[in-house]
Amino acid sequence: MISKLYELRADLLLLSVAIAWGVTFLMVQDAINTTPVYAFLFFRFAIASVLMFFIAYKFLNEINKKTIAYGVILGLFLFSAFATQTFGLVYTKSSIVAFITGLNVIVVPFLAYFIFKDFISKNVLIATVIAVIGLYLLTMSGVLTIGKGELLTLICAFLFALQIIFTGKFSKEVNVFLLVLFQLITVAVLSLIFSLNIDNVTFNLTYDYAFFKAVIITAVFATVYAFLIQTYMQQFTTATKTAIIFAMEPVSASIFAYLSVGEVLTSIQLTGAILIVFATVIAELKFKKKLKHTL
């Protein structure tokens, strides 16, 4: 019974992460219209790293090579996912990138099985298929072909899947706060390197209200809060369920877009959003039923 409550709490908090990412989506989109992508990522993750340092300060005496290595690995997965996604946007439509990125929901269970032999239940597999169909209906507005942009974004989906899977494993072995700290520092450093080599400007930006609003809110809620909750709560739930819950990100983004700027979903998109919600409910109810049976 206690384990069920811990898992339910973890799933609800992971849902709050998906909502945080969805709510800040428009904000990030507006910010990168005037700020180079990697420069924005650098400021976002640099501020997040400083905030995370103060949160993890009392655990600094627990730093060891294993913690640093695990944090760097997760940071490499996360930054590489951002990088391939960004380059993918150069070659194909954002709606196609959004859909293919969301395919990590079905990549996660298979990678978890092949890498760690994690059991995949039939019910969770059904939920992942429903989530993918929902993602397609919600995000797709173009013809899906196999080109450079699609291949880059497919790599991005695999990288996000790996970040989710290894977060679940690493969070059980080292201090969670330090693990998040070194992950964020890794992304900040790599973003700075890429920005200095690719972006037109890195520091000579327009430091206006919109910039600071986007950077600070995404640093606090979409980065520190999101990755700390993800890392801590994945100790109590599976990587596959985490991926299904994270599929709620585009749903929350659509709802926020409707509430803030009046962006209306088509009937097809609305059907997709409902299917994603349905998938998360199926995963939760079926999993709870299985736990009850085993107890």
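Is Phe170 buried or exposed? Phe170 is buried, because its relative accessible area is 7% (buried means under 20% relative accessible area, exposed over 50% and partly exposed in between, with a 1.4 Å probe and protein chains only). Welcome to these close-ups of a predicted model, in which local features need pLDDT of at least 70, side-chain atom pairs count only at pLDDT 80 or more, and totals for chains, interfaces and linings use all residues. Residues are numbered from 1 along each chain as its sequence is written, and side-chain values use heavy atoms, with hydrogens and water left out.

**View 1**
The structure holds 28 aromatic pairs (rings of Phe, Tyr and Trp, the last by its six-membered ring, pair if their centres lie within 6.5 Å; planes under 30 degrees apart count as stacked, over 60 as edge-to-face and the rest as tilted). Phe45 belongs to helix α3 (residues 37-56) and Phe227 to helix α10 (residues 209-233), so their pair ties together parts that are 182 residues apart in sequence (helices are DSSP runs of H or I with at least four residues, numbered from the N terminus). Both Phe45 and Phe227 are buried. Since Tyr70 lies in helix α4 (residues 65-91) and Phe170 in helix α8, the pair ties together parts that are 100 residues apart in sequence. Tyr70 counts as buried, at 15% relative accessibility.

**View 2. Ile165 sits in helix α8**.
This helix covers residues 148-170. Ile165 counts as buried because its relative accessibility is 2%. Leaving aside neighbours within four places in sequence, Ile165 is in contact with Val108, Leu111, Ala112, Phe116 and Ala239 (contact means heavy atoms within 4.5 Å).

**View 3. Lys169 lies over the face of Phe116**.
Here the distance to the ring centre is 4.8 Å (a charge sits over a ring if NZ of Lys or CZ of Arg is within 6 Å of the ring centre and within 35 degrees of the ring normal). Elsewhere, Arg9 lies over the face of Phe236, at 5.8 Å from the ring centre.

Technical notes: Helices (H or I, at least four residues) and strands (E, at least two) are DSSP runs, numbered from the N terminus.
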